[in-house]
Amino acid sequence: MTYNRIGHLLLTPVDPEAPARVRRLHQLGIGDRAVPAFDTFADRLAEMTGAPYSMVNFIDENRQFFAGLHTPTGTHSGTDLGAVAATSRIGRFLARDHGYCPHVVARRKALVLEDVCDYPRFAGNPVVDEIGIRSYMGAPVIDRTDILLGTVCVVDTEPRRWGRAGLETIKAMAAELAELIRRREDGGI
């Protein structure tokens, strides 16, 4: 667990790999703009898991950016959490201290929260009250240089039983996205 100098549990983990990740994302030309192929990927991820929201998420030192996004309405707008909360939609940007993907990045492994309210560390996250997130499943996207680029994730406003099949699906999709990024870098797509 990570504590601040006063001894309080930090809800958002420290991310010492962020500078290297930002450099690699810049080198790949991703991480700061929407990519139609990533939106298509997020659509397929939502379909495979039955989740109303899915994302391809790249994280820097201060924020998260959903380069691929699927929402129930198909609307991919919004530039900050205030806009998201006001419209009850997930937009392209989210503060780094909101949500659960920063935990996946820090752990370098998948995270499944069937009901976030069952976990005191996660129940207090702002996305619970401000957006209504109740269930989360995400996996890290690690590129061929072993840099963790971000995550693929799905969320729901209701508790969900993702189960072992959901975990295997999200991990397989993270590996598939890493391969898609490799092919992009090699000029294959």
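The following legends describe close-up views of a predicted model.

**Figure 1. Overall architecture of the protein chain.** The predicted chain is built from 7 helices and 6 strands. Along the sequence these elements are arranged as α-α-β-β-α-β-α-β-α-α-β-β-α. Of the 189 residues in the protein chain, 47% are buried. Contacts between residues at least 6 apart in sequence include 64% that join residues at least 24 apart.

**Figure 2. The largest nonpolar core.** In soluble globular proteins, nonpolar side chains tend to be buried together. Here the largest nonpolar core holds 30 residues, and the members touching the most others are Phe-38, Phe-58, Val-152, Ile-170, Leu-177 and Ile-181. At least two core residues are supplied by each of helix H1 (18-28), helix H2 (36-49), strand S1 (53-59), strand S2 (63-70), strand S5 (135-142), strand S6 (148-156) and helix H7 (163-185). H7 provides the largest share of this core, with 8 residues. A second, separate core comprises 22 residues, among them Val-104, Leu-113, Ile-131 and Cys-153.

**Figure 3. Surroundings of Phe-38.** Residues up to four places away in sequence are left out of this contact list for Phe-38. The contacts of Phe-38 include Ile-30, Val-56, Phe-58, Ala-67, Gly-68 and Leu-69. Phe-38 also touches Leu-177, Leu-180, Ile-181 and Arg-184. Of these partners, Phe-58, Leu-177 and Ile-181 are named with Phe-38 among the residues that touch the most other members of the largest nonpolar core.

**Figure 4. Strand S6 and its antiparallel partners.** S6 is mostly covered, 9 of its 9 residues being buried. S1 and S6 run antiparallel and are joined by 6 bridges; in this pairing, Val-56 stands opposite Val-152 in S6. S5 and S6 likewise run antiparallel, and 8 bridges join them. Ser-135 stands opposite Asp-156 in S6. The hairpin formed by S5 and S6 has 5 residues between the strands, and Asp-146 in its turn has a positive phi of about 70°. Asp-156 is counted as buried because its relative accessible area is 8%, under the 20% limit. The side chain of Asp-156 also meets that of Arg-160 in a salt bridge (3.2 Å, N to O).

Figure 5. Met-48 is placed in helix H2 and counts as partly exposed, at 45% relative accessibility. Apart from neighbours within four places in sequence, Met-48 is in contact with Thr-169 and Met-173. The C-alpha atoms of Met-48 and Gly-166 are separated by 9.0 Å, although these residues lie 118 residues apart along the chain.

Figure 6. A disulfide is a covalent bond between the sulfur atoms of two cysteines. A search of the whole structure finds 0 disulfides. For Cys-101, the nearest cysteine sulfur is that of Cys-153, 3.6 Å away, and Cys-101 is in no disulfide; a disulfide would require the two sulfur atoms to lie within 2.5 Å. Cys-101 is buried, with a relative accessible area of 3%, whereas Cys-117 is partly exposed at 38% relative accessibility.

**Figure 7. The salt bridge between Glu-114 and Arg-161.** Side chains of opposite charge can pair when their charged atoms come close. The structure holds 16 salt bridges. In the one between Glu-114 and Arg-161, the closest N and O atoms are 2.5 Å apart. Glu-114 lies in the loop between strand S4 (111-113) and helix H5 (120-123), and Arg-161 in the loop between S6 and H7, so the pair ties together parts that are 47 residues apart in sequence. Arg-161 is exposed, with a relative accessible area of 73%.

**Figure 8. The salt-bridge network that includes Glu-185 and Arg-144****.** Glu-185 and Arg-144 form a salt bridge whose closest N and O atoms are 2.8 Å apart. Because Glu-185 lies in helix H7 and Arg-144 in the loop between S5 and S6, this pair ties together parts 41 residues apart in sequence. Glu-185 is partly exposed, with a relative accessible area of 35%, and Arg-144 is partly exposed at 48% relative accessibility. A network of salt bridges links Glu-185 and Arg-144 with Arg-24, Asp-143, Glu-179, Arg-182 and Asp-186.

How values were computed:
Residues are numbered from 1 along each chain as its sequence is written. This is a predicted model: local features need pLDDT of at least 70, side-chain atom pairs count only at pLDDT 80 or more; totals for chains, interfaces and linings use all residues. Side-chain values use heavy atoms; hydrogens and water are left out. Buried means under 20% relative accessible area, exposed over 50%, partly exposed in between (1.4 Å probe, protein chains only). A nonpolar core is a set of buried Ala, Val, Leu, Ile, Met, Phe, Trp, Tyr and Cys residues joined through side-chain atoms within 4.5 Å. Helices (H or I, at least four residues) and strands (E, at least two) are DSSP runs, numbered from the N terminus. Contact means heavy atoms within 4.5 Å. Two strands pair if DSSP finds at least two bridges between them. A salt bridge is a side-chain nitrogen of Lys or Arg within 4 Å of a carboxyl oxygen of Asp or Glu.
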